[in-house]
Every structure is written in structure tokens, then in C-alpha cells.
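Welcome, and please open your viewer. We will walk through a few stops, one selection at a time.

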Amino acid sequence: MVTPDEEYDQYVKDPRVPCKFGVECYQRNPLHHQKYKHPPKKRPSSEDAKQSEPEQSSAKKRKIDKEYEEGHSSKAKVVETVSDSEDSADEAGNINEDEEQSNDKSEVKSNENLEKANDVAPQTPVQFDKKVFVKEKFLVDMPEDFYQFWDFCKQLKGADPKNALANVGLILVGPYDVLANKFSNVVEKSPEEYLIHWRYYYDPPEFQTVIKGNDSTGYHIGYFRDDPNASPVFLASNHAKKNGEFSCMGENIFAAVKLYLEEMKKSCDPFKKMNISKLLNSVEIQANKLKLNLLEKTPNIKERDKKILARTFNKIGLVVPYNKKTQLGYRHLCVSDKELQKLLDRVVKVSDQQRDKVMSEVQPVLTATSIATDECDFGTGVELGWDILAHGVETLNSTIERFLTTAYELLDRPVFAKIIAAHMKNRRKDTNLCIV
């Protein structure tokens, strides 16, 4: 084991410049420690220290003074004495000390700048596996047709696939921003920020926006899945500036864009109709090559419809695990949809003076739903959370979060719990919802 005396001996023999702060140096920058030497923490005996000093010629001596004086002024002070020229040595020593102080100040400033640079938020990589990035940041896998549609848009506009459909009012967003390199070499965002990237006001956590349309209505299209570990069942659209209702748009993104273009074609001018017809034809040809179903209601969607337990305010319909024999998994809310609608309308319009009274009328619904959740009817909590979310009342975001996070955790859908928690803490009616 190295003794304090041996450490000190190594320090004295070290040819590097002594750090001005000595044992009290606060720098952790490796560049600083490579350039400057630092005395050991423990002080050696004065006798051994003298023995460890290297022999010097009689014409010139070097001595280190005040290294450990009261543990404060630990700066190494080099004094040179030359036997035949005392005055010249003193003058040279003063000049050297001034230069050392100037260098030390420059070094401190340089290291402070380095520390500030180290404090800068980390950057995302320039290149990375985009599918893995989407899964890590958005917490869900995107289906194959998602990537096939990106390749199709590259054929339409190779330099800018994200805006390949801009002439018909559609922009690829959400996870498509990853494919468009919008997340390459930028400041890393928090996990919560990724979860609200292009997440509109009424979007449930099961919904992932991938296309934005007219900002005046908040139109957007996204994938909907009942389980975060399963593939999306269908795509849906919503006008976030109007209400919280969603419309089914087929089971793949080609079908969704086809339905959008067909609807647009009905009301546009003749000149634009020609361009829409041309694009519509391209979409259909590509979808047929990929053997994708372009129907609005496919057999898979119809099969899901059979499993719907409740017609929710968002028009999507609730599907959760339900045992018909034991009748466990879901029970209806203790009020009808019409009664719940009236209660939530009153919450929106109530004055501050009457708020407690109105909330006391809502409380029995909350209590009954909590009891249902406690008794393993987890779907009831999802239904209530969805209904309040789709209604749009702004003062009950914490209630939405509480019921949905609890239900999702019990349904073993923790990804949805994370998404709704992030959304309710950052819920906005805006249409500029990009985080980059």
C-alpha cells in the first residue's frame, strides 16, 4: 500500500504544473487533471518530505513552499535561488509567478466553460434504428402498413415524404417525424414529451396520431388499438376543434387516406378533383400491390364490433376482457349516457359558488365506478374516463387520470396508464402539438 510519504514523493517528481487549488481543487474535468498535478490528501512528515526531494545542483535549488498551510492556501509556490545572482533570480521568480497566475486564471475560465458545455442537455444520435426508437419513445410498435405508406410517399416526393400529401391538406406527423429525421441530432426530450407529441385534446391513450389535416377543425388521423401489445385494430379520425367523437377509417393507412380523398373529392372544384383522382388511383394501385383491404369496415373491425361492451361518448366503443359466465370485467355505469352528459354539462357551466353542490351530484357516479373497479369490473373505470375525456370538461383532468391509470394498471396495460398521465398533465386545445 502506498504511504502518504511515497505519494508526496511521486507528487514532487511529477513534472506537470501544480494546480493552484492544491488539495482543495474542485475540478472534476479529466482534461484539468491531465494537465495539472495535485498534492496527496494526507500530509507527509517533514523529515521524509525533505528526503524525498530530488537532489539539485548547488547553483540552483527548487523548493515547494506552503503546500499544506492550514489546508487553505495550497497553491504550489515555486521559488528559484541562484547562488551567483540573487537579484536576477528574484526578478525572474516574480515574472514566472505572474505568468503562472495568468495561466491559472485562463485555465479556470477554460474549465468553467467546459463544465457549462457538459451541462448542456444530451443530444439524440444522428443515426439510429428508427423502429426501435419509435417503440422506446412512443411505447408502441407501428404496423407494417405504416412503413409501407412512408415508402409510398417517398415515391411521390422523395426529397420530402412527410409533405407528399400537402397538396390535399395532409401532413405526416407523430412517429413519422422519426422517419423524417426530425428527432436526429436534437436535444433529447423527456419521456413524457414523446408521449404528447401530436396528441390532441380528445385523444384517448389507445390512439396514436400519424396524419394532421386542417388546423381550423383540428382534423387528424391515427391508429387505434385496444391493447398496447397488440396491432392496431383500425384507424380513426377526429376534429379536435369540434368534439371528442372519432370515425372509423379502415384497418390500414392506405384505406384511411383513400376514404379521406373520396370525401374530399365530393366537394372540391373540378381542377382539384383531377389531382385528387390521380392521387386516389395511385393509393389504390399501391394498396392492391400490397394486398391491403381498403374497405371502411373490414371483417376484423366487424369482429371487434361484436365485442363492444359499451357505446362510449367517443363513438369508438369499449372492448375489454369480459367473462360472460362470471360477468366479471365490466358493469354499466350507474347513470345513463344522457344523465352523465347533463352532469358534465353542469360541471362546465357551474359558477365557483355552486361548484361544490354540482360536484356532490357527480360524486355518486365516481364512487360507484370506484366500487366496480374494486370488484374487478375494470372496464367501468375505462368507460367513465373515456366519457369525461370525450366530453371535454377541463376541470376534471385529474379525475380522468385517476380512473384511467387505475383501470389500465389492473388490466395490465401500463403503457396506456403512462400515456394518459402525461396527456392530462399537458392537455391542450392547440393544434400545434409538435415537440421538435
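On a 1 Å grid over the protein atoms alone, a pocket is an open set of points where a 1.4 Å probe fits, with protein on both sides within 12 Å along at least five of seven lines, and its lining residues have an atom within 4 Å of a point. Grid points are joined across faces, edges and corners, and a volume is the space filled by probe spheres set on the points.

This is a predicted model: local features need pLDDT of at least 70, side-chain atom pairs count only at pLDDT 80 or more, and totals for chains, interfaces and linings use all residues. Residues are numbered from 1 along each chain as its sequence is written, and side-chain values use heavy atoms, leaving out hydrogens and water.

**First stop: a pocket.** Select Tyr219, Leu259, Tyr260, Glu263 and Met264, which lie nearest the centre of the second largest pocket among its 15 lining residues. The space in this pocket is about 320 Å³. Now colour α9 (253-267): this helix (a DSSP run of H or I, at least four residues) gives the largest share of the lining, seven residues.

**Next stop: a helix.** Select α5 (residues 130-138) and show Phe133, Val134, Lys137 and Phe138, its buried residues (under 20% relative accessible area, 1.4 Å probe, protein chains only). Look down the axis of α5: these buried residues fall within an arc of 100°, so they line one face of the helix (the arc is that of the directions from the helix axis to the C-beta atoms). Just after α5, find Leu139, with a positive phi of about 70°.

Note on methods
Helices (H or I, at least four residues) and strands (E, at least two) are DSSP runs, numbered from the N terminus. Buried means under 20% relative accessible area, exposed over 50%, partly exposed in between (1.4 Å probe, protein chains only).
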